[in-house]
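Please read the following briefing alongside the sequence and the coordinates.

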Amino acid sequence: MSELRATDEASWWRQAVVYQIYPRSFADANGDGIGDLRGITSRVDHLRDLGVDAVWLSPFYPSALADGGYDVDDHRDVDPKIGTLAEFDDMVAALKAAGIRLIVDIVPNHTSNRHVWFREALAAAPGSPARDRYVFRRGEGPDGERPPSDWIANFGGSAWEPVGDGQWYLHMFAPEQPDLNWQNPEVRADFLETLRFWADRGVDGFRVDVAHGLAKDLTPPLPSQAELDAEDLPHGMHRLEDRDEVHEIYEEWREVFDSYDPPRTAVAEAWVDSAPRRARYASPEGLGQAFNFDLLLAAWDAAEFREVIEENLALSRTSGTSSTWVFSNHDVVRHATRYALPAGTDLKAWLRSDGTDPKPDAEAGLRRARAATLLALALPGSTYVYQGEELGLPEVADLPPDVLQDPTWVRSGGTRKGRDGCRVPLPWTATGPSLGFGPGPAHLPQPAGFAELSVERQRADEESTLAFYTRALAERRRLQTAESLEWAPDAPADVVRFSRPGGWISITNFGTDPVPLPAGRVVVASAPLPDGQLPGDTTAWLEPEA
Ligand code: NOJ
Ligand code: CA
């Protein structure tokens, strides 16, 4: 068990609280409706007061926003719509001055179709070096008029797009996101340069998009989608995902990270079903850490939480890393809403119903979300907080179709609503054209209920979710020590209870009946504790009486 402290320079990330900023929805300084870097700089106080250790900034690179910025035109520049490199430097300086580190998103699986490489590829002949940076294949049929395979892209529709000369390019996401060929040495070298570019600008770490997708086995004949699906065994070698050789790429990246002092960090976004295979992305020879989405996917259930926690702590011990905990991000229904729905609700169908069928129990959802967050904050490892969850924001499920931006909506022929509902701009004030997001209207409309949830309102209320997060983060900072945990041997089935070095305890009641509180001084609780008991859907931390 590592005895490293979160405060060690080189291992700050091991038990950090990392706040995710989706920049286009955080704060808009110039009033064009899109959040920008100056907006972030102007709100650093909020992050400092909240007490986060680091920010993870989702893509801010030049982009036509075909996929919310994950369609990158140039990995080494700032989108002119949201800022400049000089404003990026100002933002880094403001964060540093507030003691906050910065992790940036790196998108290596694909570029946008506007990237200079892709334009060169289209202008070049089949079989040329320019096309070899991407995945081009000849189509089926005499003139290549049919796609090379029947693969389905993540947002729906074919994963292949024709370019008019019998060749097709692969895009595992939107057609505007052509997949790169990671067997091409130029692609590899270019990303090393990108990592250095941002590390040299003071970036502390990287969040690696689709980390499991870079290595692909495209040896003909290409399997059918049905064969691919059948191949998708937890421990097998899928043709397109989580291949063993992907780790060679990250070993090269690690050399770059370790050439800096302190070493740069990374966290893999690797949607890999098998937890042991996911752990490989988190090895110290590779990216060092990987998102663990198991709690995000778990039902509100004590046994499920306990199992996920045990498994992930054991895995991070064997791979020498620390675990990560996350409930919400820019890709999923916000957890205050997920927990407001009956267990097992099909979230895609629910979004199609404009969030009415079934109707969420917002109060129960927020209560559980707060309890879940406080539990995760007590665990060894790092916790990711998605912008707006500190306000208890719900998913905005009733956005009208004409404002939707997520490619999922169009690509699925209007059958899947997508992720816009968790990307609605933040309410900073209770009044104003976009509730303080900016001086003008926001790029996605905010619902009326956001005014009451604004930072301004919650700052004035000691019982608010914002006040609760602020207290919890401050106490965590004070209490956090070595990365170990001891389960209470006699906790009832509905209760998750453990202690951490120093003897402080976290206890969560997943049931409905109140349970007695352990001895000690209550440090923070996710809800009031009537009669000195722990009510249902509540977490409390206690420390030994002095
Ligand atoms: C994962 C990102 O989180 C998501 O927003 C994006 O659409 C895909 N990767 C493709 O880059
Ligand atoms: Ca703006």
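Which residues does S464 touch, not counting residues up to four places away in sequence? In this predicted model, S464 touches R370 and Q458 once those sequence neighbours are set aside.

**Two loop residues**

- S464 sits in the loop that runs between helix 16 (455-459) and helix 17 (465-479), and with a relative accessible area of 6% S464 counts as buried, because the cut-off for that class is under 20%.
- P59 belongs to the loop between strand 2 (54-57) and helix 3 (85-97), and P59 is likewise buried, since its relative accessible area is 1%.
- Leaving out residues up to four places away in sequence, P59 touches P23, R24, G69, Y70, D105 and V107.
- One of these contacts, D105, is 46 residues from P59 along the chain, yet the C-alpha atoms of P59 and D105 are separated by 5.6 Å.

**Nonpolar cores**

- The largest nonpolar core comprises 126 residues, and within this core the residues that touch the most other members are L57, F60, F88, L102, Y250, W253 and F305.
- Helix 14 (residues 362-377) gives the most to this core, contributing seven residues.
- F88, one of the residues named above, touches L37, L57, F60, V78, L102, V104, W198, R201 and V203, again not counting residues up to four places away in sequence.
- Another core, made up of 15 residues and including A153, L170, A174 and L228, lies apart from the largest one.
- As general background, nonpolar side chains tend to be buried together in soluble globular proteins.

**Packing of helix 6 and helix 8**

- Helix 6 (residues 185-200) packs with helix 8 (residues 246-258) at an angle of about 30°, and their axes are 10 Å apart.
- Because angles under 35 degrees count as roughly parallel, helix 6 is described as roughly parallel to helix 8.
- The crossing that helix 6 and helix 8 form is right-handed.
- On the helix 6 side the contact is made by R188, F191, L192, L195 and R196, which meet I249, E252, W253, V256 and F257 of helix 8.
- By residue class, this contact of helix 6 with helix 8 divides into seven nonpolar, no polar and three charged residues.
- W253, which takes part in the contact from helix 8, is also among the residues that touch the most other members of the largest nonpolar core.

Conventions
Residues are numbered from 1 along each chain as its sequence is written. Chains are lettered from A and ligands numbered from 1 in the order in which they are written. This is a predicted model: local features need pLDDT of at least 70, side-chain atom pairs count only at pLDDT 80 or more; totals for chains, interfaces and linings use all residues. Side-chain values use heavy atoms; hydrogens and water are left out. A nonpolar core is a set of buried Ala, Val, Leu, Ile, Met, Phe, Trp, Tyr and Cys residues joined through side-chain atoms within 4.5 Å. Buried means under 20% relative accessible area, exposed over 50%, partly exposed in between (1.4 Å probe, protein chains only). Helices (H or I, at least four residues) and strands (E, at least two) are DSSP runs, numbered from the N terminus. Contact means heavy atoms within 4.5 Å. Axes are lines fitted to C-alpha atoms, for helices over the stretch in contact, and angles run from 0 to 180 degrees between N-to-C directions. Angles under 35 degrees count as roughly parallel, over 145 as roughly antiparallel, 65 to 115 as roughly perpendicular and the rest as oblique. A crossing is left-handed if the near helix is turned anticlockwise from the far one by less than a right angle, and right-handed if clockwise. Ala, Val, Leu, Ile, Met, Phe, Trp, Tyr, Cys and Pro count as nonpolar, Asp, Glu, Lys and Arg as charged, and the others, Gly among them, as polar.
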